[in-house]
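Subject: Structure handover

Hello,

I am passing this structure on to you. Please open it and keep it beside you as you read.

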Amino acid sequence: MSRRFVRCLLTLALLFSSALAADLQAQIKQETEDTHLRFGQTQVVEYQVGAIVDARKGPVQKLLAMVAVPFDCAEQEVTIVGQDISPQVEQIDYRYLNKVSGGGARQLLISIPFLPGGQEARALLTFQVRTRTILPPEETDSLTIPKKPDRSLKKFLGKSPYIETKHSKIKKTLREIDQKLKSENEQATAWQRVEAIYEFVQDHVKYVEGPDKSAIKTLNDASGDCQNISALFVALCRTAGVPARFVWVHEHNYPEFCLLDAEGNPRWYPCESSGTRAFGEMPLARVIMQKGDNFKVPERPRESLRYASDYLIGLPVPGSGKPKVKYVRKQM
């Protein structure tokens, strides 16, 4: 039995066990997470993710590529349905980052011990992704802002890259929003308070495509794209004591906020950052890649990342140059 054949069998076994683990996790998720959500239509797509590494400038060794892949959450289920892995790839694996309170990210880890000069290695996985739309809740009056958030929620209350929760102008803007709401409704609920923040951001910020900006710059410019709008909403929510975070989806992002139900359980609700207004619901089903906006990756310990981005590490053989890498992320 050849070494290559044995390695292929091991790779298939790994893929099977990963798919089985994902199925089991999805079953547990459905029973324990966010059962309050009301779901609408389901979108089923195939989504290919991976990396292609080219050693055109000479041999390289000890390569590790990290690629973000779709993950299971309350409104989404993910299973592997195909693979394209070249012989140079020794192993593929997964790891979760910041998996807390239904959020986090899942990374595909691609290990290549040695890649001869002029050769190309690839690891491309195809996932079936079933994502459901989220309908608005039927009852919101009993929802409250956490007074003593636990550890899982505190992560979504502090400062993150591009999200300034302590800035004086963010605080001043929140006071103005609250004063306006109180003048209109002295008995406003927690839901109505968050909705007032959402309406302010939607009315104040004109949608304009452009580079990433911080929450305070978006507030000052009164313009920005989906990332900028989400950053401002999240910053205002957190300043108000409402846990909030980014949701990164295929070619877009939007925010989620969290309130407690009558039993004290955290409940996350999405809202659309651009386009048709949607508060506490998500009428479009998109492939969800990550939930969160402050990730730590073991290979980059000094960096706080808004998104657990694709990354490659490796060692060139003396006399050779850096490899070229192409990350693949596409809806089939």
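Predicted model: local features only at pLDDT ≥ 70, side-chain atom pairs only at ≥ 80, totals over all residues.

Start with helix H3, residues 168-184, and helix H4, residues 190-204. Their axes come within 10 Å. They cross at roughly 120°. The crossing is right-handed.

Which residues meet there? From H3 come Thr-173, Leu-174, Ile-177, Asp-178 and Leu-181. From H4 come Gln-192, Arg-193, Ala-196, Ile-197 and Phe-200. By class, this contact has six nonpolar, two polar and two charged residues.

Gln-202

Stay in H4 for Gln-202. Is Gln-202 buried or exposed? Its relative accessibility is 15%, and buried means under 20%, so Gln-202 counts as buried. Its side chain reaches the backbone oxygen of Ser-273 at 3.2 Å. Setting aside neighbours within four places in sequence, Gln-202 is in contact with Ile-229, Glu-272, Ser-273 and Arg-277.

Asn-228

Now go to helix H6, residues 226-239, where Asn-228 sits. Asn-228 has 0% relative accessibility, so this residue counts as buried too. What does Asn-228 touch, not counting residues up to four places away in sequence? The partners are Pro-211, Asp-212, Lys-213 and Thr-218. Thr-218 is ten residues from Asn-228 along the chain, and their C-alpha atoms are separated by 6.0 Å.

Best wishes

Note on methods
Residues numbered from 1 in each chain as written. Heavy atoms only, no water. Axes fitted to C-alpha atoms, helices over the stretch in contact; angles between N-to-C directions. Helix = DSSP H or I, 4+ residues; strand = E, 2+ residues; numbered from the N terminus. Left-handed = near helix turned anticlockwise from the far one by under 90°. Contact = heavy atoms within 4.5 Å. Nonpolar A, V, L, I, M, F, W, Y, C, P; charged D, E, K, R; others polar. Buried < 20%, exposed > 50% of the residue type's maximum accessible area, 1.4 Å probe, protein only. Polar contact = N/O pair within 3.5 Å; in protein donor to acceptor, adjacent residues only side chain to side chain.
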